[in-house]
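The following exercises concern one protein model.

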Amino acid sequence: MTAPKELRVSKDRKTLTVTFPDHEAFDLPAEFLRVVSPSAEVQGHSPEQRVTVPGKRSVAILKIEPVGNYAVRITFDDMHDTGIFTWTYLHTLGHERDERWNAYLAELAEKGLSRD
């Protein structure tokens, strides 16, 4: 996957816009990125260990740092910063945003958890 030509954090720090060289652009909310973080803390070391992260409706992006030529590390204002978001993962999240978001909301409901 080719590196995005632009990564832009909105002024309110609530959205990351990722634009790829083919002009395909995705607006990814900070809350969404936080709850689907590729970190072991969220994803676990197997599908059975994956965690449903509640209470992140108000989370914002503090900073984005490059990781080599293949990814970025996003630091959120809850101090979570262990996920490495590869270009491929960001592209996948852009394409699967609605499906993954709806699955997350269903998991919250099933477990009696809240976004707040």
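**Exercise 1.** Which residue in strand 5 is the bridge partner of Val67?

*Solution.* Begin with the conventions. This is a predicted model, in which local features need pLDDT of at least 70, side-chain atom pairs count only at pLDDT 80 or more, and totals for chains, interfaces and linings use all residues. Residues are numbered from 1 along each chain as its sequence is written, and side-chain values use heavy atoms, with hydrogens and water left out. Helices (H or I, at least four residues) and strands (E, at least two) are DSSP runs, numbered from the N terminus. The bridge partner of Val67 in strand 5 is Ala71. Strand 4 and strand 5, the latter comprising residues 71–76, are paired in the antiparallel sense over 6 bridges; pairing requires that DSSP find at least two bridges between two strands.

**Exercise 2.** Determine the strand order of each sheet and the place of helix 3.

*Solution.* Step one: an open, antiparallel sheet is formed by 3 strands in the order 4-5-6. Its edges are strand 4 (61–67) and strand 6 (84–86); each has a single partner strand, so one side of each lacks a neighbour in the sheet. From one strand to the next, the twist averages 30 degrees. Helix 3 (residues 87–111) packs on this sheet, where it touches strand 5 and strand 6, and its direction makes about 75 degrees with that of strand 6. Here contact means heavy atoms within 4.5 Å; axes are lines fitted to C-alpha atoms, for helices over the stretch in contact, and angles run from 0 to 180 degrees between N-to-C directions.

Step two: another open, antiparallel sheet has 3 strands in the order 1-2-3. Its twist averages 15 degrees from one strand to the next. Strand 2 and strand 3 pair over 5 bridges, and Thr17 stands opposite Asp27 in strand 3. Helix 3 packs on this sheet, touching strand 1, strand 2 and strand 3, at about 85 degrees to the direction of strand 3.

**Exercise 3.** Why is the ring pair of Trp101 and Tyr104 called tilted?

*Solution.* Rings of Phe, Tyr and Trp (its six-membered ring) pair if their centres lie within 6.5 Å; planes under 30 degrees apart count as stacked, over 60 as edge-to-face and the rest as tilted. By this rule there are 4 aromatic pairs. For Trp101 and Tyr104, the centres are 5.3 Å apart and the planes stand at 40 degrees, so the pair is tilted. These two residues are 3 residues apart in helix 3, about one helical turn. Tyr104 is buried, with a relative accessible area of 5%; buried means under 20%, exposed over 50%, and partly exposed in between (1.4 Å probe, protein chains only).

**Exercise 4.** Which residues have the most contacts inside the largest nonpolar core?

*Solution.* A nonpolar core is a set of buried Ala, Val, Leu, Ile, Met, Phe, Trp, Tyr and Cys residues joined through side-chain atoms within 4.5 Å. The largest has 25 residues, and those with the most contacts inside it are Leu33, Ile74, Phe85 and Leu90. Helix 3 gives the most to this core, namely 7 residues. Beyond its neighbours within four places in sequence, Leu33 is in contact with several residues, including Ile74, Phe85 and Leu90.
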